[in-house]
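Keep the structure in view while reading.

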Amino acid sequence: SLMGSLLPAVIFFLALHLGFSRRAAFATGLLVALENGILVQTRFMLMDGFLILFGFLSLLFYLKSRSSPLLASRYWLITAIFAGLAVSIKWTGLTFLALPLIIETYRYFINKSYGPFIKNLLVFTLVPFAVYFAVFVLHFALLTKPGPGDAYMSQEFKEKNIVKKFIELNLEMYRSNQRLTSDHPYSSRWYEWPFMTRPIFYWVDGNARIYFFGNPIIWWASTVGAISSIWYLVLSIKNRRKDKILILLLGAYALNLLPFIGIQRVMFLYHYMIALIFAVLILVYVIEKTNNKRQTKIILTGLVLISIASFLYFAPLTYGLPLSPTEYENRVLLPSWK
């Protein structure tokens with residue numbers, strides 16, 4: 001819950017560092033706060049809240065390292081630590097490692113400045129690995145007794161060599177993920193996520209239910225924003241204007257969505273959460289870039305107000321509040337939501 005509560009503030013400061021106006025950055029943070037799916041996923045004992053907060057903190061400090069030359073080394077180290085923490089939660093956190101590395105690789109090869117590049121590359125590979133490895137050291141130190149998990153490991157695993165344990169456990173984690181090939185009634189594929197066609201049914205008690213699904217206004221508007229931003233980017237390139245911020249946001253969105261194309265294991269709507277936040281950033285950015293100040297204020301105010309109304313309307317399915325059969329049916333907008 002704490003991770004979810006801090007996330008809107010992190011997104012607010014991230015948007016400011018991306019060049020958003022204060023009004024647009026505030027609207028972006030509000031939209032994240034009003035996103036029902038993020039709220040559900042961070043209210044339960046699930047790992048995604050930690051993954052998302054650590055990941056976006058790493059991106060925030062990376063941007064701070066770019067804008068504060070005197071403190072760049074310190075911020076770069078903090079970036080590496082938070083990226084390592086994100087990877088330690090789930091391997092999908094690797095995208096928060098990949099994004100700065102891609103940017104820095106492009107930047108340094110263009111500038112032909114290999115010294116700082118090699119230094120930063122070492123920091124951004126060794127520090128996250130050290131953080132990741134330290135988590136397993138703590139894991140093995142705390143769990144010293146036999147348990148049901150031993151059935152997945154070899155006999156040699158039980159005999160206190162930390163490096164071999166680390167390697168074997170990570171290999172078994174990879175193999176276990178690959179074995180998740182059976183279907184699930186609430187699974188979905190990557191191309192369905194932007195349209196939120198298949199939410200996840202989490203809990204029921206009489207007429208009270210909890211679903212993992214997003215605020216439809218925010219979710220679908222962000223999808224429209226991500227798609228329309230491609231056209232906006234094409235026009236800006238055609239007019240010989242390179243919009244680096246939009247390229248960054250679209251690249252981050254693609255980096256957190258397209259790799260799922262090659263994954264065959266069962267997947268769910270919550271795998272889209274990182275890409276969703278980038279889609280919200282894209283939506284607000286495009287609104288601000290394509291309208292004057294007055295129009296931007298009107299559009300963002302209207303979007304936030306409609307999102308508040310939508311959040312309240314679907315809140316019973318977020319908080320597990322009782323609904324009559326009619327009230328429940330009215331909130332199931334698509335047949336695939338049942």
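This is a predicted model: local features need pLDDT of at least 70, side-chain atom pairs count only at pLDDT 80 or more; totals for chains, interfaces and linings use all residues.

Helix α6, residues 94-111, gives four residues to the lining of the second largest cavity, the largest share of that lining.

The largest cavity has a volume of about 40 Å³. Around the largest cavity are Pro199, Tyr211, Phe213, Leu317, Arg331, Val332 and Trp337. Six residues of that lining are nonpolar and one is charged, while none is polar.

The next topic is helix packing. Two packed helices are described by the angle between their axes and by the distance between those axes. Helix α2 spans residues 22-33, and helix α11 spans residues 273-289. The axes of α2 and α11 lie 10 Å apart, at an angle of about 150°. Angles over 145 degrees count as roughly antiparallel, and α2 and α11 are therefore roughly antiparallel to each other. The crossing of α2 past α11 is right-handed.

Which residues of α2 and α11 meet? From α2 come Ala24, Thr28 and Leu31, and from α11 come Val280, Leu281, Val284 and Glu288. By class, the residues of this contact of α2 with α11 are five nonpolar, one polar and one charged.

Helix α2 also packs with helix α12, which covers residues 293-319. Here the axes come within 10 Å and cross at roughly 15°. That angle makes α2 roughly parallel to α12, since angles under 35 degrees count as roughly parallel. The crossing of α2 past α12 is left-handed.

On the α2 side, the residues that meet α12 are Arg23, Ala24, Ala27, Leu30 and Leu31. On the α12 side, the residues are Lys297, Leu300, Leu303, Val304 and Ser307. The contact of α2 with α12 divides into seven nonpolar residues, one polar residue and two charged residues.

Taken together, α2 is roughly antiparallel to α11 and roughly parallel to α12. Ala24 and Leu31 of α2 meet residues of α11, and Ala24 and Leu31 also meet residues of α12.

Technical notes:
Residues are numbered from 1 along each chain as its sequence is written. Side-chain values use heavy atoms; hydrogens and water are left out. Axes are lines fitted to C-alpha atoms, for helices over the stretch in contact, and angles run from 0 to 180 degrees between N-to-C directions. Helices (H or I, at least four residues) and strands (E, at least two) are DSSP runs, numbered from the N terminus. Angles under 35 degrees count as roughly parallel, over 145 as roughly antiparallel, 65 to 115 as roughly perpendicular and the rest as oblique. A crossing is left-handed if the near helix is turned anticlockwise from the far one by less than a right angle, and right-handed if clockwise. Contact means heavy atoms within 4.5 Å. Ala, Val, Leu, Ile, Met, Phe, Trp, Tyr, Cys and Pro count as nonpolar, Asp, Glu, Lys and Arg as charged, and the others, Gly among them, as polar. On a 1 Å grid over the protein atoms alone, a cavity is a set of points where a 1.4 Å probe fits but cannot get out, and a pocket is an open set with protein on both sides within 12 Å along at least five of seven lines; lining residues have an atom within 4 Å of a point. Grid points are joined across faces, edges and corners, and a volume is the space filled by probe spheres set on the points.
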